[in-house]
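The sequence and structure are shown first, and the discussion follows.

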Amino acid sequence: MKPITVIRSRTVVMPSTNIDTDQIIPARFLTTTVKEGLGKSLFADWRYDADGRPKPDFILNRPESAGCRILVAGRNIGCGSSREHAPWALVDHGFQAIVSTEIADIFRNNSLKNGLLPVVVDEATHAWLLANPGAEIEIDLAEAQLRIDGRDPAPFPIEAFSRYCLLNGVDELGYLLSQDAAISAHESVAPDARRSG
Amino acid sequence: MPSPRTLFEKVWSAHEVAPQSADTPAVMFVDLHLTHEVTSPQAFTMLRERGLKLRRPDLTLATMDHSTPTRTEQVFGGAPITIDSAAKQIRQLEQNCAEFGVELLGMQDARRGIVHIIGPELGVTQPGKTIVCGDSHTSTHGAFGALAFGIGTTEVGHVLATQCLLQKKPRTLAVEVAGRLPAGVTAKDLILALIGQIGVSGGTGYVLEYRGEAIRALSMEERMTVCNMSIEAGARAGMIAPDEVTFDYLRGRPRAPQGAAWDAALERWRALPSDPGAVFDKTVHLDASALEPMITYGTNPGMVVPVSGRIPARGGDPVFDAAMKYMGLVPGEPIGDAPINVVFVGSCTNGRLSDLRAAAKVLRGRTVAAGVHMLVVPGSQSVKAAAEAEGLDEIFRAAGAEWRESGCSMCLGMNGDTVGKGEYAISTSNRNFEGRQGVGARTLLASPETAAASAIRGRVTDPREFLS
Ligand code: SF4
């Protein structure tokens, strides 16, 4: 995972609410056993026609979307299936951040683990972003701020631990492995005691 | 006096290896890790790349369900699996389980089935456990008073390597369901009505606890249907306090505690329900006695109306308009006019024996309407065997429906069991997202009773017409 500090990019805007992970990557592409190469199937059913040709009016197929690293989506993006293939596909396509007013729980978790920054902003900032597709904006992870020229910076919530991992490009497994002694201690307690609460 | 605690808090605190701090999330121990062919390959690869072992093979159980075929000749007869990549994924799971010492209930195992059906059947799903799986409908297991939720593949790797997860403590939401469900109204209708009420993100950040008279009156299989769809409201998990119904279900199951261990377990389990006066972060109310059979009309499970109702007229909302365009339905029209091409009875929501019995009761002595393709897929091989033992397969076949081997099948169409472009399917599964059951497929979610009644008429039908 590459460290993330500041992401500066134009935005791609998909205003639909409740964009579920079945749309981000349809199930028929999940028979893969690797993480790479899913970018071409990102939003496949919205992006290609029945013959597999790109639909010219779909936002990701438009020339202005090329090279954009920030996706602004309607409320509750990532709901539905827990498939990590969704952030894998977004990252493989080149996205580094997802911005919305609400990001579904498991998708948010999965994104954090793949260097895809989930950014939950206030309604006013979101409304501005929806109204100004393609705007060049800046997301500063160290400051936990989304910055738009001429507006006050919009803070976004991010847990200290996730921020540390993303800023340093380290994954969480190392930390879990370092808990070995505590895990062993827990395991040695009889299940009775553990489960009775 | 210790302060009163919720069911969730009791299970959570008993599994904290290290508590949450300002800088770090909690480290939570996992009692049962279920895994399947679709969300595990990359996790096993990670273990291999880092030279890690599986920490607790004894707490890990694998099966195959998502991309497996449902045709008997492909499961048992050696006929080739149609989709090459699916066949490869299945072989990969076999190899991974052999290499890392994971117990696998494989293709021809009589105990194979949808991962959320077999856990309870085997009795490995138990009150007070923490249960995870790389699958969002892991919430199903919460019906037993377990804390159960779906995780991504990176987290599958974390659990394989450490038997632990990093977790931020969720908030609690009490869902108080008063009254009793009227005849012909099912647990599926109850959960669809709830999602319609609180919305598809109404549970985000919460663990739900379903409570109240209506919940206590549900059978174990009905409780699983309710908890299964907690994720459809965005919730981290759904839970129901264990009681005599839970214990009766588990008693004698192959992997439930036996003898003295059973008595000890019972004592622990009886202490789990939320204490009187325990405080939830939020509460919502629902009156079961006022519910009707429900059906979805749109492209998420929150877009739901009674089968006797009309599609709402909400023109001008672009998201609503897009859903109506996709569904080819007209706002303001009765949903009962909607035609049906396909009926699917199955999935981890409604693929258990009681669900098949309910559909068979409606279909007995009747036939599926001309032009309607009905597929019945048991949730597990055990469900299939039990259904056949009481002749349900004969009822389905006689009505003109297809009867298959178990698996996820048309719930997500990964194995080639799909709904055609533009076709309408009534499905007893849990997601009506665009393309969920096949490219361009239009899904209406409902109970097994409503699905069977609609199959007979060839359009959306109130099952109570056939249940009197
Ligand atoms: S039946 Fe459907 S929802 Fe359930 S585990 Fe299988 S694919 Fe997921």
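Is E232(B) buried or exposed? In this predicted model, E232(B) is buried, with a relative accessible area of 2%. Its salt-bridge partner is R431(B), and the closest N and O atoms of the two are 2.6 Å apart. The pair joins distant parts of the chain, 199 residues apart: R431(B) belongs to the loop between strand 18 (424-427) and strand 19 (442-445) of chain B, and E232(B) to the loop between helix 9 and strand 11 of chain B. R431(B) is likewise buried, at a relative accessible area of 1%.

**Salt bridges**

Over all chains, the search of the whole structure finds 45 salt bridges. Side chains of opposite charge can pair when their charged atoms come close.

| Residue | Partner | Closest N and O atoms |
|---|---|---|
| E187(A) | R55(B) | 2.8 Å |
| D243(B) | R223(B) | 2.8 Å |
| R431(B) | E232(B) | 2.6 Å |
| R71(B) | E402(B) | 3.9 Å |

E187(A) forms a salt bridge with R55(B). This pair crosses between chains, from helix 8 (residues 180-188) of chain A to the loop between helix 2 (41-50) and strand 4 (60-63) of chain B. E187(A) is partly exposed, with a relative accessible area of 21%, and R55(B) is also partly exposed, at 22%.

Within chain B, D243(B) forms a salt bridge with R223(B). D243(B) lies in the loop between strand 11 (237-239) and helix 10 (244-250) of chain B and R223(B) in helix 9 (residues 220-228) of chain B, so the pair ties together parts that are 20 residues apart in sequence. D243(B) is buried, because its relative accessible area of 16% is under 20%. R223(B) is buried too, at 0%.

In chain A, a network of salt bridges links R8(A), E136(A), E138(A), D140(A), R147(A) and D149(A).

**Domains 1 and 3 of chain B**

Chain B is divided into domain 1 (7-167), domain 2 (171-289) and domain 3 (294-465). The centres of domain 1 and domain 3 of chain B, taken over C-alpha atoms, are separated by 28 Å. In contact are 26 residues of domain 1 and 24 residues of domain 3 of chain B. The area buried between these domains is about 2,000 Å², of which carbon and sulfur atoms give 57%.

One salt bridge is counted between domain 1 and domain 3 of chain B, together with twelve residue pairs in polar contact across the interface. On the side of domain 1 of chain B that touches domain 3, helix 3 (72-75) and helix 5 (115-122) of chain B each supply at least two residues. Helix 5 of chain B gives the most to that side, with four residues. The residues of that side divide into nine nonpolar, eleven polar and six charged.

Conventions:
Residues are numbered from 1 along each chain as its sequence is written. Chains are lettered from A and ligands numbered from 1 in the order in which they are written. This is a predicted model: local features need pLDDT of at least 70, side-chain atom pairs count only at pLDDT 80 or more; totals for chains, interfaces and linings use all residues. Side-chain values use heavy atoms; hydrogens and water are left out. A salt bridge is a side-chain nitrogen of Lys or Arg within 4 Å of a carboxyl oxygen of Asp or Glu. Buried means under 20% relative accessible area, exposed over 50%, partly exposed in between (1.4 Å probe, protein chains only). Domain bounds come from an automatic or database domain assignment. Contact means heavy atoms within 4.5 Å. Buried area is the accessible area (1.4 Å probe) that two parts lose on being put together, summed over both. A polar contact is a pair of N or O atoms within 3.5 Å; within protein, one must be able to donate a hydrogen and the other to accept it, and residues adjacent in sequence count only if both atoms are side-chain atoms. Ala, Val, Leu, Ile, Met, Phe, Trp, Tyr, Cys and Pro count as nonpolar, Asp, Glu, Lys and Arg as charged, and the others, Gly among them, as polar.
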